[in-house]
Amino acid sequence: MTDSAHNDRTEQMEIDASAKWPVLVFFASALFWLLLGGALQLIAAIQLHTPAFLSDCAWFTHGRIAPAAQNALVYGWGMNAAFAFGLWLMARLSATTLRHGGWLFVAAKFWNLGITLGVLGILGGYSTSFELLEMPRFVTLILLAAYALIGAWAVTTFSIRNTENVFASQWYLFGAAFWFPWLYAVAQLMLFHTPVRGVLQPIVNAWYVHGLYGLWFIPIALAAAYYFLPKILGKPVSNYYFAPRAFWWLVVTTAFAGGSRLIGAPVPVWIPTVGTVANFLLLVPVVIIALNLFGTFAGRYRALGGSVTLRFMLVSMVGFILASVCNFALSLHAVAEIAQFTLFAVLRDWLVFYACFSTAMFGAAYFILPRLTEREWRSPALVRAHVSATILGVVLLTVGLAAAGWQQGQLLNNGTVAFGEITRAMTFWFAWQSVVLGLLLIGHLAFLINFIWIASPINSRGTAHAEFRNPPDLSLPEAAPEGHA
């Protein structure tokens, strides 16, 4: 190893050491909510085909447990995992240590306190009627205050960076970091504190939901892909000079695309029309991003066999493309007439949140955690179980929700079919969904057990198959021209 490479590796180890405990706390919190949210989601899915399941307890009725599960997964798992990954990556790309990490522990406690109170409030019957905003109003300030602390550390880390270059991963991280508080604060203000009336309420809610998925979860997943692909493969991002155009185009058009969720709803026709146009304009950044990421993979697919992170990143990239295709399809009026407000629309959000974002965070964790703990993954069998369950689950649930949503839409448009018959026709697909969610939950449990082993202070180093060992960072610099190396 050259002196330069040795110095780079020493610097990376110092950065990892400074970020170790804040990142581990956020990842541990994320996994807690992933298991809890997954269990609640499974219960809610079972109730769709077995209504009597846990129906004797008011806290576990479907109207409460379904939004509680969604909020636990989105704000508990999704946000904590994004915080862990984002703070680590910002420190790495800024070539500086994460300073005064103790305040991040405070932020983590307040964030998770807010989520706990919010989920309990939903289960207790104090929820609102707005999607992804069901948590009681009193948790809003707790979440915003905690987020402000986390965001301040990300900005501070970037401001004291020891590099001159700013890369695609940092664009997406910074974009997401500023978009979430804007979306959340405006939605809270317009729906609860100085509420709008009438049809403006579903319009604001649709704008928030679409923005949360498109301006928070997708950018975080893309930040991971733009970093790990060139980092592990040892080559610059393909056609990197197009990446800035994709970033800005994605930002501008996604902000106007929320109205497409209201095609067929009783709202002014120009709102879904603007959303539809914005969605089709997204075709440009989707194509550019695909060229960047799949072009980087070109000729290197054999590397998948030696990297769990790469496998999850490939699933995330495919999930991004499928979510985009689903979004385009639902923007076509001929498709929306059948699939809108059905399980097909649920598929679009699930592809973004799980198939794209969550798999990217799994891949990030498999890269980051061995470097923070300086240990190998204890059980290769559990790693394989997690990877296999995730990939199989993504395929099965994508197929199931697509088929079920299309059938459901055709039946709903048939005026001669009673609603009860439609519900009975969906029983098979609801059972299918329950089985697949159970499979995914098993994979999450395998991931949790391995996380406990690798993060535990009493864990021994042990041995692992070469496929799951912690490979050294490449001797190339942390960020090379036109892409991370």
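Predicted model: local features only at pLDDT ≥ 70, side-chain atom pairs only at ≥ 80, totals over all residues.
Helices (H or I, at least four residues) and strands (E, at least two) are taken as DSSP runs and numbered from the N terminus. Residues are numbered from 1 along each chain as its sequence is written, and side-chain values use heavy atoms, with hydrogens and water left out.

Two loop residues other than glycine have a positive phi. Leucine 54, in the loop between helix H1 (3-49) and H2, has a phi near 55 degrees, a positive value in a residue other than glycine. With a relative accessible area of 37%, leucine 54 is partly exposed, where buried means under 20% relative accessible area, exposed over 50% and partly exposed in between (1.4 Å probe, protein chains only). Asparagine 239, located in the loop between H6 and helix H7 (243-255), likewise has a positive phi, near 55 degrees, and is partly exposed at a relative accessible area of 27%.

Contact being defined as heavy atoms within 4.5 Å, phenylalanine 130 touches Leu191, Phe192, Gln201 and Asn205, residues up to four places away in sequence not being counted. Phenylalanine 130 and leucine 87 are separated by 43 residues in sequence and by 30 Å in space, C-alpha to C-alpha.

A search of the whole structure for aromatic pairs returned 47; rings of Phe, Tyr and Trp (its six-membered ring) pair if their centres lie within 6.5 Å, with planes under 30 degrees apart counted as stacked, over 60 as edge-to-face and the rest as tilted. One aromatic cluster comprises Phe26, Tyr75, Phe83, Trp111, Tyr147, Phe180, Tyr184, Tyr208 and Trp216.

Packing between helices was examined for H9 and H10. The axes of helix H9 (residues 283-297) and helix H10 (residues 308-330) come within 11 Å and cross at roughly 160 degrees, so that H9 is roughly antiparallel to H10 (angles under 35 degrees count as roughly parallel, over 145 as roughly antiparallel, 65 to 115 as roughly perpendicular and the rest as oblique). Residues of H9, including Leu283, Ile289 and Phe297, meet residues of H10, among them Leu310, Met317 and Phe328. By class, this contact of H9 with H10 has 14 nonpolar, one polar and no charged residues, where Ala, Val, Leu, Ile, Met, Phe, Trp, Tyr, Cys and Pro count as nonpolar, Asp, Glu, Lys and Arg as charged, and the others, Gly among them, as polar.

Threonine 390, in helix H13 (residues 380-412), counts as buried at 1% relative accessibility. Excluding residues up to four places away in sequence, threonine 390 touches Phe312, Tyr354, Thr359, Phe362 and Leu440.

Note on methods. Axes fitted to C-alpha atoms, helices over the stretch in contact; angles between N-to-C directions.
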